[in-house]
Amino acid sequence: MTKADTLPIHTEEDIVRVRQMTRSLAQQSGLNLVDQTKIVTAASELARNTLVYGGGGHVILERLQDAGRAGLRLTFEDQGPGIADIELALRDGYTSGKGLGLGLSGAKRLSNEFHIDSRVGEGTTVSIIKWKS
Amino acid sequence: MERIPILKQGDLLLVSVQVDMHDQLALNLQDDLTQRIVRDNARGVLIDISALDMVDSFIGRVLDNIATMSRILDAETVVVGIQPAVAITLVELGITLPNIRTALNIESGIALLRRLLPTPDGDADDQS
């Protein structure tokens, strides 16, 4: 059973709102403080990618119940330029902009499950899950 | 424009970040602090982030920049109050804040700054 919320990502203030909603849902899902902090931080990195590199988009936030496991899934979607070389984009330190190049790789490390789908000229979808440990 | 207040206490500048900073707010703090170091002749900067429940790569980079810029302007920066969950997450994210000195709380942060800064007569003050 899942319940989904969607938040727009078009301004820097939207990134803050994504963090706050993620924190609230992570608490409701029973994640401990460290895991809450990890998924909130991952959400912040991915929301900024959506804004800066994807030209804006939205995130779908879903609380998961899977065979007794509780978790939180965040799916970031944009219709931006897409990523030509995902393997390169996932490398630590690789950046096409002014960041540190830790956004995608860092978000992946902070999550239990990570999925990215990107098409050049069509956009990028990044989905992460944090399970209650 | 929205700004984080900077307090002056002798030759120190004190900042307590109490809000979830959006990116421009963090950049404003970076600009304001570098200008205030020069204008107020400050020798030390103390930034309390105990109210922050998250530090991402952007905020981490801004904190690191503040420390580097203040050093170039002959001031020391100490960041205090990093929550344990934030420290764990920063390391996993790959952020090590190489240029930042830290202390656990405001008292030990001020004590650290006092040790780092020379007294007005030029001697290092190691009383604290």
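Predicted model: local features only at pLDDT ≥ 70, side-chain atom pairs only at ≥ 80, totals over all residues.
**Entry 1**

Is Asp11(B) buried or exposed, or does Asp11(B) count as partly exposed? I looked up its accessibility and found 25% relative accessibility, so Asp11(B) counts as partly exposed.

Residues are numbered from 1 along each chain as its sequence is written, chains are lettered from A and ligands numbered from 1 in the order in which they are written, and side-chain values use heavy atoms, with hydrogens and water left out.

I then looked for the partner of Asp11(B). Asp11(B) forms a salt bridge with Arg114(B), and their closest N and O atoms are 3.3 Å apart. A salt bridge here is a side-chain nitrogen of Lys or Arg within 4 Å of a carboxyl oxygen of Asp or Glu. Asp11(B) lies in the loop between strand 1 (7–9) and strand 2 of chain B, and Arg114(B) in helix 4 (residues 106–116) of chain B, so the pair ties together parts that are 103 residues apart in sequence. Helices (H or I, at least four residues) and strands (E, at least two) are DSSP runs, numbered from the N terminus. Arg114(B) is partly exposed too, with a relative accessible area of 29%.

**Entry 2: The contact of chain B with chain A**

I looked up the interface. The contact takes 24 residues from chain A and 21 residues from chain B, where contact means heavy atoms within 4.5 Å. The two chains bury about 2,000 Å² between them, with 55% of it on carbon and sulfur atoms. Buried area is the accessible area (1.4 Å probe) that two parts lose on being put together, summed over both.

I recorded eleven residue pairs in polar contact between chain B and chain A, both residues being at pLDDT 80 or more. A polar contact is a pair of N or O atoms within 3.5 Å; within protein, one must be able to donate a hydrogen and the other to accept it, and residues adjacent in sequence count only if both atoms are side-chain atoms. On the side of chain B that touches chain A, helix 1 (23–39), helix 2 (57–72) and helix 3 (84–93) of chain B each supply at least two residues. Helix 3 of chain B gives the most, with six residues.

**Entry 3: Salt bridges between the chains**

The rule finds 17 salt bridges over all chains, and six across the interface of chain B and chain A.

What does Asp20(B) form with Arg19(A)? The two residues form a salt bridge, the closest N and O atoms being 2.6 Å apart. Asp20(B) is partly exposed, with a relative accessible area of 26%, whereas Arg19(A) counts as buried at 2% relative accessibility.

I looked up a further pair: Asp23(B) forms a salt bridge with Arg48(A), with closest N and O atoms 2.6 Å apart. Asp23(B) lies in helix 1 of chain B and Arg48(A) in helix 2 of chain A, so the pair joins two chains. Both are buried: Asp23(B) has a relative accessible area of 6% and Arg48(A) one of 9%.

Which residues are linked in a network of salt bridges? I listed Arg19(A), Arg48(A), Asp20(B), Asp23(B) and Asp56(B).

**Entry 4: The surroundings of Arg19(A)**

Arg19(A) is found in helix 1 of chain A. A polar atom of its side chain lies 2.6 Å from the backbone oxygen of Met21(B). Leaving aside neighbours within four places in sequence, I found Arg19(A) in contact with residues including Val40(A), Ser44(A), His22(B), Met54(B) and Ile59(B).

**Entry 5: Nonpolar cores**

I looked up the largest nonpolar core and found 60 residues. Such a core is a set of buried Ala, Val, Leu, Ile, Met, Phe, Trp, Tyr and Cys residues joined through side-chain atoms within 4.5 Å. Those with the most contacts inside this core are Leu74(A), Phe76(A), Val17(B), Leu33(B) and Ile47(B). Helix 2 (residues 33–52) of chain A gives the most to this core, with seven residues.

Not counting residues up to four places away in sequence, Ile47(B) touches several residues, among them Val15(B), Leu63(B), Ile66(B) and Thr77(B). A second, separate core of nine residues includes Leu12(B), Leu14(B), Leu46(B) and Leu112(B).

Conventions: Buried < 20%, exposed > 50% of the residue type's maximum accessible area, 1.4 Å probe, protein only.
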